[in-house]
Amino acid sequence: MDGAIFGFEYAEPLGKEDFDQILYHTQLSVGVINTYMRYLYDKLMGPRGLEQRFSFLNPMKTNLTEMIRKPDEVRTYVVERFMADTDREKLFFLPFNTGDGGHWLLVAINPFKEIVYYLDSLHKDWTTYPAMKTIVDTIIQTVRAQRKIQVPKRKANNITWNRVECPRQRNNIDCGYYTLRFMKETLLMDRTDIPSDYFDEYRCAYYSKDQLDEIKEELCQFIIELQVL
């Protein structure tokens, strides 16, 4: 993984179990999620120059387990990512996992405008994960302080959280695929704001089998191209 993708360079391990998840349509691992994010970076963001407007946060470093066990490390990593781009408005994608192979959802953060977009294919809200919200709010406040942005004391906690009415999954497996499609569709729209009722072009009650298979086909083709097999 090139350092530009997540802010640090490393090798993402992929094993037979990861390929099985794609082939047999089971719950996706962080390795598969990260591989698709590299796909988006290589095939969509780079060719279209979108890396000036969008960035990724590594879910391996920012899942619920890490937030609870190592909150300082999570804050340091995310703050450094945000502070590297203080001269422009940017949307950061954080695929959030509830820990131990749990549920995937998307948190998209615009630290410049102090807006957080919450896309959960189970249609729950951020109160389900108070530790995550607390850390994200603290990170934005830290970035605000480092940028020396002055706000009235009564508005210090005025960070906007928007729950987006995104497509809804119909089983307990598809959350990872939905999260990947949310990122892809936002990039295709080239918008750093996500409407509360989602994008007109992609609004639907749920994703079809073909829409989910499209993600799997892109993953398989990309893995073959990388000569991982």
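Author: A quick ground rule first: contact means heavy atoms within 4.5 Å. This is a predicted model, where local features need pLDDT of at least 70 and side-chain atom pairs count only at pLDDT 80 or more, while totals for chains, interfaces and linings use all residues. Residues are numbered from 1 along each chain as its sequence is written, and side-chain values use heavy atoms, with hydrogens and water left out.

Reader: Fine. Which residues does Y117 touch?

Author: Leaving out anything up to four places away in sequence, Y117 touches L91, L106, V107, A108, N162, V164, T192, D193 and I194. Y117 is found in strand β4.

Reader: Why is Y117 called buried?

Author: Buried means under 20% relative accessible area, exposed means over 50%, and partly exposed is in between (1.4 Å probe, protein chains only). Y117 has 5%, so it counts as buried.

Reader: And what makes H123 partly exposed?

Author: Its relative accessible area is 22%, so it lands in the middle class. H123 sits in the loop between β4 and α7 (130-146), and has a positive phi of about 60° although it is not a glycine.

Reader: Where is E114 found, and why does it count as buried?

Author: E114 is in the loop between β3 (104-110) and β4 (115-119). Its relative accessible area is 13%, so the buried label applies. E114 also has a positive phi, about 55°, without being a glycine.

Reader: How do you know what to call a helix or a strand?

Author: They are DSSP runs, numbered from the N terminus: helices are H or I with at least four residues, strands are E with at least two. On that count, the protein has nine helices and five strands, in the order α-α-α-β-α-α-α-β-β-β-α-β-α-α.

Reader: Why is L219 called buried?

Author: L219 has 0% relative accessibility, so it is buried. L219 lies in helix α9 (residues 209-225), and beyond its neighbours within four places it is in contact with I22, V32, T35 and Y36. Y39 is 180 residues from L219 in sequence, yet 7.5 Å away in space, C-alpha to C-alpha.

Reader: What makes a set of residues a nonpolar core?

Author: The members are buried Ala, Val, Leu, Ile, Met, Phe, Trp, Tyr and Cys residues joined through side-chain atoms within 4.5 Å. The largest such core here has 72 residues, and those with the most contacts inside it are F56, F93, V107, L119, M132, I194 and Y198. Helix α3 (residues 30-48) supplies the largest share, nine residues. L119 touches L105, L106, V164, C166, F182, I194 and Y198, again skipping residues up to four places away. In soluble globular proteins, nonpolar side chains tend to be buried together.
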